[in-house]
Amino acid sequence: MTKSTIPNWSFSRLTVYESCAYRARLASIDKVPDLQPKTAADRGTAIHQEAEDYVTGKAALTANLRHFNEDLSSLARHYAEGRVVCEEEWGFDNQWRVAPWKSAWLRLKCDTVCHLTKQHVAVVDFKTGKRFGNEIKHAEQLQLYALCALIRYPDVEQVTCELWYIDHNELASFVMHRRQLSRYLKIFDQRGVRLTTDTTFKPNPNIFSCKYCPYSPDKQGDCKFGISVSGQQTSVVKPMNFVKTGKATKADKMFGDDDLKRFL
């Protein structure tokens, strides 16, 4: 009897798997529904749609987007001049070749891709959640976007990836050059292969992974390995100086109105 595997992955599926492989099995193989309320996720989806509608000229700027009005206005101009694609679906096979989305081994969906020049592409992801506490995960997400952009666009030499934290007026940025591609490709290939060839899906019960798992004993109770974290006190993590934002990040110059002419 052939043991089941998870045939494809995305960045979100990778983070679930690396947090707890058994949770990934419940979600992707056993198809156990996540019945937890999706209030934050639904709000995020709505604000993503507001941003896309503004950039593509379908609607006016909303109050939710006020912190990034300059950036979004510049993106809208790029879109009007044919340099921006929204909600683009990227698929790759297990040899990292561009592949159809439905049959892809790796799938990514990009909020905004801006072709600044023939050799410089920018990928922007809108975030409605918080930055603090997610720095490592979000940095890896930017790395994967940049890697895939270099593969998808072989003439591009530089990719700038940014996360715009819509609610908090903060921004995270990462730049990858083509000479760095092989290094990051090796890292993510190993992680993707590990996920899609696993047949054991070892559980990883602990107060952190179980706290946010929909299948934990404190929530749906589908996981037989999970532990209850109710009433357990966890230590408070304080931000270190090098990740402390201090004050709100202003619009970065890559999309700032004053510097738009650099890309024209």
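Student: Let's start with Asn-169: is this residue buried or exposed?

Tutor: The general idea is a cut-off on relative accessible area: buried is under 20%, exposed is over 50%, and partly exposed lies in between, using a 1.4 Å probe and protein chains only. Asn-169 has a relative accessible area of 11%, so it counts as buried. Its place is the loop between β4 and β5, and its phi is positive, about 55°, although it is not a glycine.

Student: Before we go on, what kind of model is this, and how are residues counted?

Tutor: It's a predicted model: local features need pLDDT of at least 70, side-chain atom pairs count only at pLDDT 80 or more, and totals for chains, interfaces and linings use all residues. Residues are numbered from 1 along each chain as its sequence is written, and side-chain values use heavy atoms, with hydrogens and water left out.

Student: What is the mean pLDDT of the protein chain?

Tutor: pLDDT is the predictor's confidence in each residue, from 0 to 100. Here the mean is 89, and 86% of the residues reach 70 or more. Over residues 235-252 the pLDDT is below 50, and that stretch has 15 contacts in the model beyond near neighbours in sequence; a contact means heavy atoms within 4.5 Å. Residues 256-264 are also below 50, again with 15 contacts beyond near neighbours in sequence.

Student: How many helices and strands does the protein chain have?

Tutor: Both are DSSP runs numbered from the N terminus: helices are H or I with at least four residues, strands are E with at least two. The protein chain has seven helices and five strands, and along the sequence they follow α-α-α-α-β-β-β-α-β-β-α-α.

Student: In what order do the five strands sit in the sheet?

Tutor: Two strands pair if DSSP finds at least two bridges between them. On that basis the five strands make an open sheet, β1-β2-β3-β4-β5, with mixed pairing. β1 (84-92) and β5 (170-177) are the edge strands, each pairing on one side only. From one strand to the next, the twist averages 30°.

Student: What joins β2 to β3?

Tutor: A hairpin, by way of two residues. β2 (residues 106-117) and β3 (residues 120-127) run antiparallel and share five bridges. Val-113 stands opposite Val-123 in β3, while Cys-114 has Ala-122 as its bridge partner there. As a general rule, side chains in a regular strand alternate between the two faces of the sheet.

Student: How do I check the length of helix α5?

Tutor: The expected span is 1.5 Å times one less than the number of residues. For α5 (residues 135-152), 18 residues should span 26 Å, and the end C-alpha atoms are 26 Å apart, which agrees.

Student: Which strands does α5 lie across?

Tutor: Axes are lines fitted to C-alpha atoms, for helices over the stretch in contact, and angles run from 0 to 180 degrees between N-to-C directions. α5 lies across β1, β2, β3, β4 (158-165) and β5, at about 145° to β4. Buried residues in α5 include His-138, Leu-142, Tyr-145 and Cys-148.

Student: Why is β4 described as largely enclosed?

Tutor: Seven of its eight residues are buried, so β4 is largely enclosed by the rest of the structure. For the protein chain as a whole, 43% of the 264 residues count as buried.
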